[in-house]
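Subject: Structure handover and notes

Dear colleague,

Please find the structure below, together with the sequence that belongs to it.

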Amino acid sequence: MTWKPFYVGDGNPRDVELGDPPPWRNFPREALHQKFQPPPGLIEAVNAALALRRPLLVTGAPGAGKSTVIEQVAAELKLGNVLRWHITSRSTLADALYRYDALGRIHAQRLEGASGSDNIAPFLHMGPLGTALLPAKRPRALLIDEIDKSDLDLPSDLLDVLERGEFEIPELARYRDDVVHVREWGSEARPPVTKGRVQCVDFPFIVMTSNGERDFPSAFLRRCIRYTMPTPTVESLRQVVAAHLEINDEQSRSVDSLIKIFVERLAAGESLAVDQLLNAVHVLTGVAAPKGEVTQNEPNDAQRIMQLVLRELSHA
């Protein structure tokens, strides 16, 4: 491989200008709501979820834009910053509702002694789901990302909270003060919680994403509006690339070749993500792009880079 605009591999220190990163790798991260291209049927699914006050369950391959849906909806409807709950196998409903630092409170009481204030508020803060259910002027937007990665019981655990739109904080229900100001998730705001009861006024707009790696109980599914991301087409991918990158006439041929290769590999059953295609387009059409045609049979720099960036996702 002779493509080496930055790292050469000779061990000699040098001043190198790395250039601008791809637009989707700028930090702090910028919302991509203006660049997202809703596939057919998604707008209707979102509006159904909003009208019925039901969570939207979006299923699709990694990198298909599932988690960007809520950014666009929250921006268009002025729902504020998106609350995010990224699911792992250790995620629990309790942690998503609120966190209570019991040991920290005990330690503080020992330090302050009998004359201490015994204020519980500093040791409580709402989780992402708990914050979404707090009374607000506008519904909050909550992303529950990759719910298929959860413990088997979590979808069933969510049923009552999502159905009733309320929950209790037992530590506050038995606390001496009726009203306690509890810090929100990801914010310094401290709205009041009365007698330990959190009750939403407007049900939040909730998007749950799934990579389709497991099935869910029917009781859970019937409480959701479900949408499956369609398989990308050449035309839809052209729109995605155009939304993220400025492609001139000279680059369009290479971009079309990459898109066609990507679609052909998807049709052959390979697991690939759309952001991999964007990475390939960014690298292979840039100023220092490696030389060669990606459609040629003989190995060249461009083909080697394409194989590196567009590696199949179902194995390491």
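This is a predicted model: local features need pLDDT of at least 70, side-chain atom pairs count only at pLDDT 80 or more; totals for chains, interfaces and linings use all residues.

Residues are numbered from 1 along each chain as its sequence is written, and side-chain values use heavy atoms, with hydrogens and water left out.

Two residues other than glycine have a positive phi. Arg-53, with phi near 55 degrees, is found in the loop between H1 and strand E1 (56-59), and because its relative accessibility is 46%, Arg-53 counts as partly exposed; here buried means under 20% relative accessible area, exposed means over 50%, and partly exposed is in between, with a 1.4 Å probe and protein chains only. Lys-195 also has phi near 55 degrees, and it sits in the loop between strand E8 (192-194) and strand E9 (197-199). Lys-195 has a relative accessible area of 54% and is therefore exposed.

Next come the salt bridges, of which the structure holds 16; a salt bridge is a side-chain nitrogen of Lys or Arg within 4 Å of a carboxyl oxygen of Asp or Glu. One of them joins the side chains of Arg-54 and Glu-163, at 3.1 Å from N to O. This pair links distant parts of the chain, since Arg-54 is in the loop between H1 and E1 whereas Glu-163 is in helix H6 (residues 154-164), 109 residues apart. Arg-54 is partly exposed, with a relative accessible area of 26%, and Glu-163 counts as partly exposed at 40%.

Another salt bridge is formed by Asp-301 and Arg-304, whose closest N and O atoms are 3.0 Å apart. Both residues lie in helix H12 (residues 301-309), three residues apart, which is about one turn of the helix. Asp-301 is buried, because its relative accessible area is 11%, whereas Arg-304, at 33%, is partly exposed. There is also a network of salt bridges, which links Arg-105, Asp-118, Arg-176 and Asp-177.

Finally, I looked at a pair of packed helices. How are two packed helices described? They are described by the angle between their axes and the distance between the axes. Helix H9 (residues 234-244) and helix H11 (residues 274-284) pack at an angle of about 60 degrees, and their axes are 11 Å apart. H9 and H11 are therefore oblique to each other; angles under 35 degrees count as roughly parallel, over 145 as roughly antiparallel, 65 to 115 as roughly perpendicular and the rest as oblique. Where the two helices meet, Leu-237, Val-240, Val-241 and His-244 of H9 are in contact (heavy atoms within 4.5 Å) with Val-274, Leu-277, Leu-278 and Val-281 of H11. By class, this contact has seven nonpolar residues, one polar residue and no charged residues; Ala, Val, Leu, Ile, Met, Phe, Trp, Tyr, Cys and Pro count as nonpolar, Asp, Glu, Lys and Arg as charged, and the others, Gly among them, as polar.

Terms used: Axes are lines fitted to C-alpha atoms, for helices over the stretch in contact, and angles run from 0 to 180 degrees between N-to-C directions. Helices (H or I, at least four residues) and strands (E, at least two) are DSSP runs, numbered from the N terminus.
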